[in-house]
Amino acid sequence: MNLRNRQLVLFLVIVLVLAFSPGCQRAPESKLAGCLYLRLSTNPTTLDPALITDVMGGGIAAKIFNGLVRFNDNLDIVPDVAESWKISNDHRTYTFTLRNNVAFSNGRRVTAHDFQYSFERVLSPGTKAPITWVLDRIIGARDVLAARTPHASGIRVIDDRTLELTLEKPFGPFLSLLGMSAAYVVPREAVAQFGQDFGSHPVGSGPYVLSEWLHGQSLTLSSRDDYFEGRPRLQGIVYRVIPEDLTAVMEFETGGLDALQIPASEYRRYRTEPKWRGQVVGRPGLNCYYLGLNNRRAPFQDIRVRQAVNMAIDRRRLLETVFEKRGVLAAGPVPPPLWKFGMGPKDTDGYGYEPERAKRMIREAGMEGKRIKIYISADPEVLDILEVIQQYLSRAGLIAEIVQLDWSAYKEALNKGEADAFWLSWWADYPDPENFFYPMFHSSNAGPAGNRTWYNDPAFDRLIEQAQSTADERTRFSLYRRANGHIVKNAPWVFMWHRSDFYVIQQRVRDFRIYPIYSVDKGMDVSLK
């Protein structure tokens with residue numbers, strides 16, 4: 001659908017909705033005073049930080065809860081409930097000193113005992129927490145996970161303001177793990193009061209409290225007067241559950257939403273329409289989009305074919321045309337903002353577009369005319385991209401069939417290694433390159449654990465294991481750089497791009513920012529006219 005036709009459809013939808021659906025009329029004056037209105041595409045499953053697995057839930061929880069540490073806008077680790085910490089000489093013991101002015105929304109002061117309870121609750125089998133790996137490096141954590149004991153010996157309360165965590169062995173990114181939602185602190189009495197419903201009645205120490213949740217419709221947060229860093233500039237945040245993109249666009253343009261993450265189908269219009277183009281903000285995300293190549297299946301067992309496919313696809317042209325420049329070119333799996341000390345690759349360090357060389361390499365590998373199946377999910381935008389890639393591969397000598405599946409069948413096929421190649425993306429759980437290297441490429445994670453290309457490189461494994469046990473950041477990033485070189489050379493992926501997020505905002509919104517990772521956003525910066 002071209003731009004003019006899309007605008008006409010949107011106009012007709014707005015007219016029809018306003019004419020026949022009074023309940024959807026959201027004039028700005030009907031909003032709660034001082035509240036920012038945002039969209040959720042689905043209803044959150046839970047707001048219990050021990051059970052959250054999605055970015056959407058994590059972004060809301062970040063405003064209700066706190067951890068020992070958090071990330072700032074530069075992705076540095078900074079104090080949160082812990083005002084300071086010390087690390088032992090052997091890099092295994094972390095001693096945190098807590099602030100004395102942090103209180104839960106029920107009025108009780110947060111102590112080291114609350115963190116001990118919260119961490120052991122995540123590890124307890126009865127909680128059924130899905131991401132216990134955030135804490136399982138602590139001594140005794142595996143005993144709690146196995147129900148051999150309720151307490152981890154590596155979690156020690158020295159006094160109300162002092163918490164000591166001891167790891168089985170050094171792990172360089174450990175502080176980054178403590179910035180994740182699974183490491184947020186919760187009050188024992190509130191969990192006891194609400195039981196399994198705690199996720200619908202969360203009590204935390206963050207700048208907002210949950211004041212109303214109409215499941216499937218809306219979720220409202222109200223700001224706290226007694227937050228230890230001061231009251232937020234907003235009175236509250238209202239999240240409206242709007243599954244359909246077209247409906248969300250209509251709601252934004254009729255004033256029912258204050259900010260909207262721009263759907264792909266509307267990106268060009270918002271960037272070009274005089275009314276909105278000055279209200280669009282964007283930022284590169286911590287992600288990597290890629291074409292995975294199954295290293296266990298022909299023809300991608302052969303490194304020459306994997307390298308050739310990287311050279312056969314004009315990634316830059318795809319990014320600038322089909323993907324409308326909504327990202328930055330990748331030169332490996334790790335997004336540029338995660339590299340430090342100038343050690344990251346430049347985009348010219350990756351594969352260039354060399355179609356003749358690619359064709360020659362495929363022919364020399366004896367794979368000219370080889371048929372392959374590329375699996376994708378049921379996403380129209382992905383299909384558009386893959387149809388272009390299909391043409392590039394055909395010119396290089398590979399005959400590609402696109403197999404489109406619904407998400408559950410797609411994920412199952414990838415976990416079983418059925419695809420010759422597949423389109424997927426990876427988003428950071430925590431802002432450290434290790435989170436891209438270890439889950440995606442370490443041989444121990446082959447298959448469902450994340451390494452769905454079944455990449456196996458002992459030299460790479462050793463580099464990542466060494467980096468994990470290295471506390472010195474500069475040394476660790478030097479190891480990451482070497483690991484990146486292995487990945488690019490061996491080409492288990494076609495490294496496509498790091499997608500940027502774009503929002504369009506209303507005139508009344510001030511200081512709206514897109515954060516590099518969801519947990520940075522505490523809802524403290526944005527304000528309204």
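Visitor: Under 20% relative accessible area counts as buried, and over 50% as exposed. Is Cys 35 buried or exposed?
Guide: This is a predicted model. Cys 35 has a relative accessibility of 5%. The cut-off for buried is under 20%, so Cys 35 counts as buried.

Visitor: How many disulfides does a search of the whole structure find?
Guide: Cys 288 has a relative accessible area of 0% and is buried. A disulfide needs two cysteine sulfur atoms within 2.5 Å. Across the whole structure, the number of disulfides found is zero.

Visitor: Which strands stand at the edges of the open sheet of four strands?
Guide: The order is E1-E10-E9-E8, and the pairing is mixed. An edge strand here has a single partner, so one of its sides is left without a neighbour in the sheet. That describes strand E1 (35-40) and strand E8 (208-214).

Visitor: In E10, what is the bridge partner of Tyr 37?
Guide: Strands of a sheet pair through backbone hydrogen bonds, either parallel or antiparallel. E1 and strand E10 (residues 236-241) pair in the parallel sense, over six bridges. In E10, the partner of Tyr 37 is Val 238.

Visitor: Which helix lies across E1, E8, E9 and E10?
Guide: Neighbouring strands of this sheet are turned by 20° against each other on average, direction ignored. The helix runs at about 25° to strand E9 (218-223). It spans residues 55-64 and is helix H2.

Visitor: Are H14 and H16 roughly parallel or oblique to each other?
Guide: Helix H14 (residues 434-441) and helix H16 (residues 473-490) pack with their axes 11 Å apart. Phe 437 and Phe 441 are among the H14 residues at this contact, and Tyr 480 and Ile 487 are among those in H16. The angle is about 40°, and roughly parallel requires under 35 degrees. H14 and H16 are therefore oblique.

Key: Residues are numbered from 1 along each chain as its sequence is written. This is a predicted model: local features need pLDDT of at least 70, side-chain atom pairs count only at pLDDT 80 or more; totals for chains, interfaces and linings use all residues. Side-chain values use heavy atoms; hydrogens and water are left out. Two strands pair if DSSP finds at least two bridges between them. Helices (H or I, at least four residues) and strands (E, at least two) are DSSP runs, numbered from the N terminus. Axes are lines fitted to C-alpha atoms, for helices over the stretch in contact, and angles run from 0 to 180 degrees between N-to-C directions. Contact means heavy atoms within 4.5 Å. Buried means under 20% relative accessible area, exposed over 50%, partly exposed in between (1.4 Å probe, protein chains only). Angles under 35 degrees count as roughly parallel, over 145 as roughly antiparallel, 65 to 115 as roughly perpendicular and the rest as oblique.
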